[in-house]
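Hi everyone, thanks for coming. Have a look at the model on the screen, and I'll talk you through a strand and some charged pairs.

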Amino acid sequence: MLKKRFLFVLVFACLFSVFCERTSIDGVYRYKLENGLELFVAENDSAPLAYIEIAVRAGAVTQTPETAGLFHLYEHMMFKGNAKYENQDAFTDAANEMGRIDENGSTGVDRVNYFFTVPSSQVRNGLEFWSYAIRTPKLNEGELENEKAVVLSEIGADFTDPAHIRSAALFKTMFPRSPWRLDPSGNPVVVRNATAETLRDIQKKYYVPANSAIFVGGDVRHDEVYQYVSEIYSDWKNPAEAVAFEEPESKKPLLRDKKLVFVNPGSSDGIIQISYYLRGPDGETDASDTYAADVWTALVNSPSGIFARTFISEPALEIPESDYIGASYPTRRASGLIGFYGAMLNVPKDEARDGNYGFGDFSVLPSNGLNPAEKADFFLSVLKQKAVPAMCDKSVFFKDKSVDFVIRQLEDGRIYELEEAESVLSSLSFFWSSCGSDYFFSYDDNIASVTEDDVIAFVQKYIQGKSGTLLVSVSPEIWSKYKNAFLSNGYEEIRAEQAFWQNDYAGN
């Protein structure tokens, strides 16, 4: 699957020098212009199409309380006209004339990106199209006021969405010093007060070549794409000062476990959903730990592994099968979280019956008498006293699946992911923004070197003996019956007015 890298230098007649690297992935090439702009090209001639994306290391991770929402707003404004295309209609018409497919943009936690697919004959036009958009947006005041209303509507919808309320409370608890760095939507006060000038400041500071990358894939030639990018983007200038980011929030665990309960109108009365979160490694500062984290995640989620068996074997938890217990770790630049989750039945003794409780049909056994608050506490106790110690025992944790077996699974998954140019580049763009492109290209080698000792060291460093946030989601009916039990057991109810960090900055 992998081929040895080699480096060579292409020197063009115009004396513009650039390093081109044929990467560890067949058909994928990496360039870096003198102004710092990176270019990644994935060759795949299976269809006469080309995917083009431009990404910027920005988004939520870049925000401060004073700028939260400006990246989201700026993303919207890039579609509203620029130095070549007078307005949104002209912008859209130009994209349509190229035969574009799925034009879009997004503001996430670690990046802002814009992308579309066009016929491969339109690659140069597509690259020029995004150059005008990202470098010369008009930021018309009238359009800005219209787009503010759109963004404010999106933020307002988040404030009433159960999933966003739950996430906001979690992020505010786990990242109390900077929760805005996980919320790309932003603060409505900041958005409402935004001007063309404040957006220009964002553009000049972050939308610069040294903080950006271009991704092109499909029926293209890498050297030809580089020539186009060089012609179009080499005169793009960086500011006098390099882009600077705030230090990531401390990875020190909470002093003690925090227990939250969320009343979700969409929850079933027969199910209690529970999650427990711990601070995990960050791609920016702890990349070496993320490989062991990925192997650990695959081991923990084995349906026949010790983790699932530990919880299912506890009748008091009423977890019906391995599909309803697991763990997660998504790699992020500066906001890594380790999560454990479970779905437990909630059926009083006098209501035992066969039924569907939102997670499928299965035989429901009578409850053992624990109320939902006690059951959630017991889940955490089993995790800390049984499941985590088992993860630190080689003879137990690796009995079901070996590290080598999991590594082969991860490698097979990568092979599948790398079959299409767009999927290669989408994944590369994500990791470029959170960990750097070297992380993506060296991933297979680094995963292959993970040992049992590395996995156990990860558990000991980030999980064993650490404190985090226990978050229980219940239906309004369960809450009405057991509210006092939750409160007396030390749980705090999640309320929308308290969950969102924006409410603490309403006067900005």
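So, strand β5 is mostly covered: seven of its eight residues are buried. By buried I mean under 20% relative accessible area, with exposed being over 50% and partly exposed in between, using a 1.4 Å probe and protein chains only. Helices (H or I, at least four residues) and strands (E, at least two) are DSSP runs, numbered from the N terminus.

A quick word on the source: this is a predicted model, where local features need pLDDT of at least 70 and side-chain atom pairs count only at pLDDT 80 or more, while totals for chains, interfaces and linings use all residues. Residues are numbered from 1 along each chain as its sequence is written, and side-chain values use heavy atoms, with hydrogens and water left out.

Back to β5. Which strands does β5 pair with? One is β7, which runs antiparallel to β5 and is joined to it by eight bridges. Another is β8, residues 212–218, again antiparallel, over seven bridges. Two strands count as paired here if DSSP finds at least two bridges between them. If you want to find these on screen, A50 has V118 in β7 as its bridge partner, and E53 stands opposite F215 in β8.

Hold on to E53, please. At 1% relative accessibility, E53 counts as buried. Which residue forms a salt bridge with E53? That's R111, with the closest N and O atoms 3.5 Å apart. R111 sits in the loop between β6 (101–107) and β7 (112–119), and E53 is in β5 (residues 49–56), so this pair ties together parts that are 58 residues apart in sequence. R111 is buried as well, at a relative accessible area of 19%.

For a salt bridge, we want a side-chain nitrogen of Lys or Arg within 4 Å of a carboxyl oxygen of Asp or Glu. The structure holds 25 of these salt bridges.

Here's another: E231 with R124, where the closest N and O atoms are 3.1 Å apart. That pair links distant parts of the chain, with E231 in helix α8 (residues 222–233) and R124 in helix α3 (residues 123–135), 107 residues apart. Buried or exposed, or in between, for R124? At 30% relative accessibility, R124 is partly exposed.

Last pair: D223 and R221 meet through their side chains in a salt bridge, 3.0 Å from N to O. D223 is partly exposed, with a relative accessible area of 26%. And there's a network too: salt bridges that share partners join K84, R124, E128 and E231.
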